[in-house]
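Q: I'm new to this one and would like to go through it slowly. Could you show it to me before we start?

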Amino acid sequence: MTTAYGPLGRKEDARFVRGQGTFVDDVRLPGMLHGAILRSPVAHARIVSVDATAALAHPKVEAVLTGADLAERGLAWMPTLAADVQAVLATDKVRFQGQEIAFVIARDRYAARDALELITVEYEPLPPVVDALTALAPGAPVVRDDLPGRADNHIFDWTAGDRASADAVFAAADVIVGGDMIYPRSHPAPLETCGIVADFNAVSGRLELWSTTQAPHAHRTLLAIVTGLPEHKIRIVSPDIGGGFGNKAPVYPGYLCAIVGSMVTGRPVKWVEDRSENLMSTCFARDYHMHGEIAASRDGKILGLRARVLADHGAFNATAQPTKFPAGFFHIFTGSYDLQAAFCEVTGIYTNKAPGGVAYSCSFRITEAVYLVERLTDMLARELGMDPAELRMRNLLRPEQFPYTCPTGWEYDSGDYPRALALAMEIAGYDELRREQADGRTRGEYMGIGLSFFTEGVGAGPREHMDILGLGMADGADLRVHPTGKAVLSISAQTQGQGHETTFAQIVAQELGLAPDDVEVVHGDTDRTPFGLGTYGSRSTPVSGAAAVMAARKVRDRARLVAAAMLEVSADDLEWLDGKWRVRGDPEQGAGIAEIAMAAHSSLALPDGIEGHLDASAVYNPPNLTFPFGAYICVTDVDPATGVVKVRRFIAVDDCGVRINPVIVAGQVHRGLADGIGMALMQQIVFDELGNCLAGSFMDYLLPTSMECPSPELGATVTPSPHHPIGAKGIGESATVGSPAAVVNSVIDALAPFGVVHADMPLTPANVWRAIQGRPVRSDLALS
Amino acid sequence: MRLTLTVNGTEHTRDVEPRLLLIHFLRDELGLTGTHWGCDTSNCGACVVWLDQTPVKSCTMLAVMADGRSVMTVEGLGGGARLDPVQEGFAECHGLQCGFCTPGMMLTARWLLDRNPDPSEAEVREAISGQICRCTGYENIVRAVLWAAAKESRA
């Protein structure tokens, strides 16, 4: 049996290694102008006046847009993906440092920047709300006084699980441990920043956009609603995308400014943000202030979990996640364990910080959930004097419990958790590591061994539960098979490096008995692809991939009828075997897709009711999420004198169900492990008490380099999803979700001799040193 | 200012603003968009090109500083006609995902192998440590460079 799955080299690479990718900033249209955004230098202030007279007088400036100009068009505010509104260009107040105030359109990018300095804005300073813990205090300044009747900074309260049963479990438990944990504000920081080229044709009424978007179809619908332009007159091309990680899911003010700019000037307008703009204004991630507790019996049976979370959403509630889940999928915080009861409550708040909240390869807040439960599990192990691996093994869900409904309502599809943990421990040489650790401690060497076991729910999602602004989370696929048997698959998902052009070709090739080279994958162009919600939340393979399978199976079913006519047998006498329709009992008699495709386009007489050709379309509505899982072990060495943490080894066993291309899967895991190292040790968007963003460049927002990332040691188990047509579960975010807890657990484990039970990320040398001194600090604010 | 320089073997002369950055000269004036801009602060290295024989970050260099000198971009790797073993290695070892950092990484890798044809893993990591990749965790970039070194040692 031949298979198209396997470690196939990527089709994408031929252009990228030659420098021939086409990223948004590579797009140059005749007559194109350049936009630049004037941003607020302060976090909170009333705008008294905006004077662009001098900028307009600049010889290379074509136009300047202010909030007042957009207000005339009804575009000064736009809806967010979370049913809030966000200022496109500020009219009344600025609410975070870096907020958009004016948009200059000039003949080159340097002139546009020059002209920003010619705009005069008069501000009336207001006290900022920076500390999440005091944002709800009586008398706190109100960030969103634009909202009618708004007298505080409260956005939402949301709960999951059952409070009474959780409280009962806690009341009866032998052991309760827990504490406060900050998951600091982070930023996805794709290497390519966000940008757009907008080209409005006033004659045809057509708007063409080249845009850094992970969700071109959803953006088209949203832009149609916001601008009032008819949707069929809007085309969005998201060409090659230089990484997304969630940062390119939202619609940003700059996009709308470029669109209006093109309408105003009658020429194409390019806007590409710089790195500071990216870090200071676009969708951040995390910023969860959590209090968690875990209850257990003295012999190490985990019984229950409780969590209270303060979710800092910044100045506008602009999270990108399914509408009914204001805290994303955080309530999967029961993790991978068999427990009796759980309850969590999340309160969303406004602060004078950049808006957003969910982005960064987190599977809709599951990374926060995994961090909480995995830190609590380690705290419990410490309290019980039990090895953290043994405690986990004792409490992991058993294979026979699947499908498993967790106390907060998720139905996990499949899993063999103990096998994954055992494999990770075997690769790590866990027992030997523990011996080495004990030996080292006698010599004053502080090595840490940190475990994390995670369960994700990805592939959003079932339409009865999940939508974004009313759009159900389905994806379409169109598959055309040409007469010579070459196929073109058009998908709604969008690659930002995940290699869809390769894996989706493999999916179709596998279903149709073709070579992957014979399948071309089209994506990232709304004119050429069917509707679907795009690529984020690890949903490409679970949803869009399933749509591709279903389209291919429709082609295969139709090919059977054509083959029956070709071979002059009954379709019932044909079976699909080794890539061909073959006559049962006479497998030499058969036809492959290429022969059948030619026949389907020929004058061959077809059975009544059968159309010619083989093309097919499908839309996939997932019946449930898929639930990838994994076991990670991180080995660190900590220098207690300097607080420097060195990640020595990272073992990752992932189970993402069936693997279409294991090389690409491994690449996704490599990335996520680096994310874990970055978030646990370095990355943080931090503010001072005035709301100044202190991480506005890569000089201050530290990302891991080749020196901090070890060679990962990977393992795999394969537990197919029972409800996905090829049993795949998705891998895009697993390691980002699972790995930060392993790194932190490792460092805290290393520091056990110092009595350190917890320290918040990022575990920079300074923060580690302070933890050793018994003086941990708030890591989320640079408070004096 | 008048600027004359050689890029990938071809001489170009332009009148440019003194403040024009080399990366914008390459991308906007010459249309060589394989060199990418990523950070403004010399941290990410997406903009790495060769100035004469040395990798430089073209986002923090004025175009006029390259006057009279020669520049190589990704479009010039392998002489432009064939693939350099480094380019082959990146494709062979899944050394890239989104492709944005790739040109800069490959140019640094080529520079390393020209000076050290048999680098250790640690030497490869050191060589690319001034550049950021957000997709690969660097593992397959390192493997790609070592693959290229091995291929060249056989040749």
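Predicted model: local features only at pLDDT ≥ 70, side-chain atom pairs only at ≥ 80, totals over all residues.

Q: Where is A:Phe245 placed, and what is its phi?
A: A:Phe245 belongs to the loop between strand 13 (234-237) and helix 7 (253-265) of chain A. Its phi is near 60°, which is a positive value in a residue other than glycine.

Q: And what about A:Ser361, buried or exposed?
A: A:Ser361 counts as buried, with 24 C-beta neighbours inside 10 Å. A:Ser361 also has a positive phi, about 45°, although it is not a glycine, and it sits in the loop between strand 19 (356-357) and helix 9 (366-384) of chain A.

Q: Let's step back a bit. How is chain A divided into domains?
A: Chain A is divided into domain 1 (14-126 + 193-241 + 248-281), domain 2 (284-460 + 624-782) and domain 3 (474-620).

Q: How many residues of domain 2 and domain 3 of chain A are in contact?
A: On the domain 2 side there are 19 residues, in contact with 17 residues of domain 3 of chain A. The residues on that side of domain 2 divide into nine nonpolar, eight polar and two charged. The C-alpha centres of these two domains of chain A lie 39 Å apart.

Q: What about the nonpolar core, which residues touch the most other members?
A: The largest nonpolar core has 312 residues, and those touching the most other members are A:Leu89, A:Val104, A:Val508, A:Ala548 and B:Val145. Helix 14 (residues 540-567) of chain A gives the largest share of this core, 15 residues.

Q: Which residues is A:Ala548 in contact with, leaving aside its neighbours in sequence?
A: Beyond its neighbours within four places in sequence, A:Ala548 is in contact with A:Ala477, A:Leu489, A:Ile491, A:Phe504, A:Ile507 and A:Val508.

Q: Changing topic, how many residues does the contact take from chain A and chain B?
A: The contact takes 43 residues from chain A and 40 residues from chain B. On the chain A side, the elements giving two or more residues are helix 1 (13-16) and helix 16 (662-681), and helix 16 of chain A provides the largest share, seven residues. The residues on that side of chain A divide into 18 nonpolar, 16 polar and nine charged.

Q: And helix 17 of chain A, how many of its residues are buried?
A: Of its 17 residues, 17 are buried, so helix 17 of chain A is largely enclosed by the rest of the structure. Helix 17 (residues 734-750) reaches 25 Å from its first C-alpha to its last, close to the 24 Å expected at 1.5 Å a residue.

Q: Last one: in what order do the three strands of the open sheet in chain A stand?
A: The order is 6-2-8, and the pairing is antiparallel. Strand 6 (93-94) and strand 8 (120-125) of chain A stand at the edges with a single partner strand each, so one side of each is left without a neighbour in the sheet. Two bridges join strand 2 (residues 45-51) to strand 6 of chain A, and A:Arg46 stands opposite A:Lys93 in strand 6 of chain A.

Methods. Residues numbered from 1 in each chain as written. Chains lettered and ligands numbered in written order. Domains from an automatic or database assignment. Contact = placed C-beta atoms within 7 Å. Nonpolar A, V, L, I, M, F, W, Y, C, P; charged D, E, K, R; others polar. Core = buried A, V, L, I, M, F, W, Y, C linked by C-beta atoms within 7 Å. Buried ≥ 20, exposed ≤ 12 C-beta atoms within 10 Å, placed from the backbone. Helix = DSSP H or I, 4+ residues; strand = E, 2+ residues; numbered from the N terminus. Expected span 1.5 Å × (residues − 1). Pairing = 2+ DSSP bridges.
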